[in-house]
Amino acid sequence: MNEKIRLIIDTDPGQDDAAAILMAHGLAKRGLIDFMALTVVAGNVSLHHTATNARIICDWAGETGFPVYAGAGKPLLRPLVTAEEVHGKTGLDGAELHDPQCPLQPVHAVPYLIDTLRKAEEASITLCPIGPLTNIAQAISLAPDIVRGIKNIVLMGGNYFEAGNVTPAAEFNFYVDPHAAQIVLQSGAPITVLPLDVTHKACITTPRMDVLRKQNNTNGKRLANILQSYERFDTQKFGLEGGPLHDPCAIACAVFPELFSGKSCRVDVETQSELTMGACVVDWWGSTGKPANAYWVTDVDADAMFRELADSIRELP
Ligand code: BDR
Ligand code: CA
């Protein structure tokens, strides 16, 4: 039996973020996680949109009082790069949007993270960052002691064996805030990375989309519509069999690690060269002799992961 984990998602919704957040609400309803909060960051779209979208998604899950904290509106050092061409102008193409009832908490995400992790028991909270790592890097830089409260940081970002999806060298989340990614990776916290190497193996194929659409609930159909609109970009650009479920991979790996495999490695992120900005250097063969700082995931049982996603969405309205 999986231990019930205490989970905070840091996110920039984003269509696949929406799938991840809905999955987490469903996992909470299944009694598998204690879903504590959403912290929000600018990334796929501006912070205004990502924060609004996070609240809308909680409304969809029937969680109209869920704690949502807005955080950084731009990366640590670089100008914000967004991805409207993938996720649409609002970040949630494919769904009907409304004025959210779920409120925004009156505290910034960074002090919320610092406070919560400081008060937590040792190694008790799992963070799932599924956007640029700005909030997490800020929290760790301001209060390095909070690493004590972290059980694991299970994050979606980076690439090594697979080409970049925003530049030839880099994955979107690490490209948008490479300095933050490097701070988090060197923080000493236990880290699991879900890079493109594995997320491109977990696609939302047509049969999988049909499973969601045929579920007897609004959120199944809604998510199928969102993912349908999202897959267009990836199937055309990368020749994949469907849109990659990047962000749900992080949630699934936090809760069902037995479905994923990889290797503990030394990982560094490029922050100097414009040509390879945000690219990862993964010491897969231990050439540097430096100790590993992350578990780098390369494989997933995609059918089993999708079943967990569908079972979780089924719990929602
Ligand atoms: C990552 O970038 C974003 O567009 C997705 O939401 C995901 O977090 C994939 O590179
Ligand atoms: Ca994301």
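Me: Why is Y160 called partly exposed?
Reply: In this predicted model, Y160 has a relative accessible area of 36%. Buried means under 20% and exposed over 50%, so Y160 counts as partly exposed.

Me: What makes F161 partly exposed?
Reply: The relative accessibility of F161 is 48%. Exposed requires over 50%, so F161 counts as partly exposed.

Me: Why is the pair of Y160 and F161 called edge-to-face?
Reply: The ring centres of Y160 and F161 lie 5.0 Å apart, with the planes at 75°. A pair needs centres within 6.5 Å, and planes over 60 degrees apart count as edge-to-face, so this pair is edge-to-face. Y160 and F161 form one aromatic cluster with W284.

Me: How many aromatic pairs does the structure hold?
Reply: The structure holds four aromatic pairs. One of them is F35 with F66.

Me: Why is the pair of F35 and F66 called tilted?
Reply: The planes of F35 and F66 are at 45° and the ring centres 4.6 Å apart. Stacked needs under 30 degrees and edge-to-face over 60, so the pair is tilted. F35 lies in strand β2 and F66 in the loop between α2 and β3, so the pair ties together parts that are 31 residues apart in sequence. Both F35 and F66 are buried.

Me: What makes R78 count as lying over the face of Y175?
Reply: R78 lies at 5.6 Å from the ring centre of Y175, and the distance limit is 6 Å.

Key. Residues are numbered from 1 along each chain as its sequence is written. Chains are lettered from A and ligands numbered from 1 in the order in which they are written. This is a predicted model: local features need pLDDT of at least 70, side-chain atom pairs count only at pLDDT 80 or more; totals for chains, interfaces and linings use all residues. Side-chain values use heavy atoms; hydrogens and water are left out. Rings of Phe, Tyr and Trp (its six-membered ring) pair if their centres lie within 6.5 Å; planes under 30 degrees apart count as stacked, over 60 as edge-to-face and the rest as tilted. Helices (H or I, at least four residues) and strands (E, at least two) are DSSP runs, numbered from the N terminus. Buried means under 20% relative accessible area, exposed over 50%, partly exposed in between (1.4 Å probe, protein chains only). A charge sits over a ring if NZ of Lys or CZ of Arg is within 6 Å of the ring centre and within 35 degrees of the ring normal.
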